[in-house]
Each structure stands twice: as structure tokens, then as C-alpha cells.
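Please read the following briefing alongside the sequence and the model. It moves from the chain as a whole to its sheet and then to the ligand.

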Amino acid sequence: MSRERKYTFGPVPSRRLGLSLGVDVIPKKLCSLDCVYCEVGMTDKRGLARKEYLPVNEILAEVKEVIAEYPDLDHITISGSGEPTLNSKIGDIIRGIKQITNVPVAVLTNGTLLNLPEVRQDLLDADIVSPSLDAVSADVFEKVDRPNPKLRIDTIIDGIKLFHQEYKGIMWIEILFVKGMNDHDEEVFRMKQVLDEIQPEKIHLNTVIRPPAYAIAQPVGEERLKEIQKILGERSEIVGVFKETHKTLQHNADGQAILALLKRRAMTVDQMTESLAMRKENIIASLKQLDLGKFIKSYIFNGEEYYQAL
Ligand code: SF4
């Protein structure tokens, strides 16, 4: 596919979702939060208004075209450049994708709008919904997720509980731990209490593994993550870097596919090779065509060279 991909990216290999095609339903970067660890970048304006920010018909037409190229997909994942439930047509998008394909649909959400009945209703047809819950105390929530001032963590937790009661699919809670912010025992034990009340199918523990929006966001070490996992109990598992090569090497992935990925997240050449199942030399050649400084930039994070769309 050589035409510009506006709404889809990847597929990307994901520890949680296998080979996952990303679908972006929100313009960069519209979100109700401004998480210190965000891979997409800082949030200029933390919005709460729901609108059809990107057109449903165009999104569905592109999904239909792209999935024909990837027969091995494990999931189609609605996520991307902001908070997907801010798109007021997310319910139509989920149902539309399910009419096109049997590949299960997952939604990654920050959970901040789940207190709204219409948002819970919109997500009912998804196969997997994974809300984030990086904090359960107001001060920790402020520090890690830098929310829109109208948001209250107690209301968000109530929304997640209600959704889990109404929803027939699988719900995974994701917690991203940032060193010195939400990884102390007091907060983790409070999280345990809340999670015992929610009873999600799984709890995924993550940390900062890609360049964050704010340099202050540092990863939690593996040992501490294991201690936290013990506290949170058997539903919890540590997720993070995942290595799985595609079953077949794609030769037709091009600069547009690379650009679509780099618009959503910074990646190293090896991560792009893995993700797009392209040969490394092809990735390097495509990056040259994308013209460093014109469409993409590069920088060093944790000793590795990352590329990102401008
Ligand atoms: S990590 Fe997700 S919820 Fe947080 S600011 Fe980025 S897009 Fe929004």
C-alpha cells in the first residue's frame, strides 16, 4: 500500500495483544490527561468535549484496505494519538470494524470518561477494553497523569467499576509505574484495595520504556516491579518489551507505513524492523528517503537512537 495512511499504524507487536493493527480515532494530541510518561508527547490542551474529531467513514475505509494486507493480525486496537473515547463515534467505529472482520477489537483508554453512561455504552461491543489506572490517590493522580482540572480520581474509579459490571467482554487494567511517583508501598496497597473491588480479568504492570513527554518520568526497576506484582496478586503481570517476528517478511511496507508508525511513537531501527517485518536495510533506506529534518527527527534516549515524525 503506497497511499498515505492517516488513521492506521503498524501492525505493531504487543506483549498484551500479539500482532496488533493500531487505529487512531483522535487527532494528535487530544487527551484529557497529560501523563508525564506519554509516548505521544505533551498535551497542549486537556480536553473533555466529545466530538467526531475524525470521520468514521474514512477510518473504516482505511481499516478495510489495510487489513487485507495483514492476514495474521491478532487484534485491531483503537488507541493512538490521544484518548479514543473523546471521539463521540467510537461506538460506530467499533461496530463498523466488527462488520468488516472477525479480528477481535481492543480499546486502550485512559478511563477518564467511563463515568459517562454514553461512553460505557459505546465500548460494550469491543472484545477487550483496557483502562489505565496509574493512581488511586488524588495527589498521585495529579503528579503522574496531570489531569484536566475537572477530573476526579474517585469518579474515574466509580466509572471503571460500573463499566466492568455492565460489560460482557474482557477488561484489563493497565498501570504504568514511574519511579518515585506512584511506586511507593502506600499507593500500591491502596491500588490493591481498589483493584480487589473492581476485579478486572488481568492487571498489567508497565513502566517507562520509550522516550517520555517529560524527562522527569523515569522507569521503575525490574526488582521493584516484581515486588509490586507480589503485592497486587495473581491477576497482575509485568508487561513491556515484546519480541515476536511476523510469520512472513513484508516487502511492500514503505515509507508511508514507517511514517504512520513514527507519528504515534518514537522507535529505534530495530523496533521498526520488528514491528513492520521489513529488512533492516530497507528500513534504513526508507528513513533516508523520509529525509531527516524534513519529515522525521532522531535523538538519543537511554543510549539508543530513536526516530520520530516531525
Ligand atoms: S499516555 Fe495516553 S492518557 Fe496519558 S497523556 Fe498520553 S495519550 Fe493521554
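Of the 310 residues of the chain, 45% count as buried, where buried requires 20 or more other C-beta atoms, placed from the backbone, within 10 Å of the residue's own. This is a predicted model, in which local features need pLDDT of at least 70 and side-chain atom pairs count only at pLDDT 80 or more, while totals for chains, interfaces and linings use all residues. Residues are numbered from 1 along each chain as its sequence is written.

**Overall form**
- The radius of gyration, taken over C-alpha atoms, is 19 Å, which agrees with the value near 19 Å for a compact globule of 310 residues, the rule being 2.2 Å times the number of residues to the power 0.38.
- The C-alpha trace spans about 50 × 45 × 35 Å along its principal axes.

**Sheet**
- The chain has ten helices and ten strands, which are DSSP runs (H or I, at least four residues, for helices; E, at least two, for strands) numbered from the N terminus.
- Eight strands form an open sheet of mixed pairing in the order 1-2-3-4-5-6-7-8, where two strands pair if DSSP finds at least two bridges between them.
- Its edge strands, each pairing on one side only, are strand 1 (8–14) and strand 8 (236–238).
- Strand 5 (residues 128–131) pairs with strand 6 (residues 170–177) in the parallel sense over two bridges, and Ile128 has Ile170 in strand 6 as its bridge partner.

**Ligand surroundings**
- The ligand is surrounded by residues including Cys31, Cys35, Cys38, Glu83 and Asn110.

Technical notes
A residue is near a molecule or strand if its C-beta atom, placed from the backbone, lies within 6 Å of it. A residue is buried if 20 or more other C-beta atoms lie within 10 Å of its own, exposed if 12 or fewer, and partly exposed in between; C-beta atoms are placed from the backbone.
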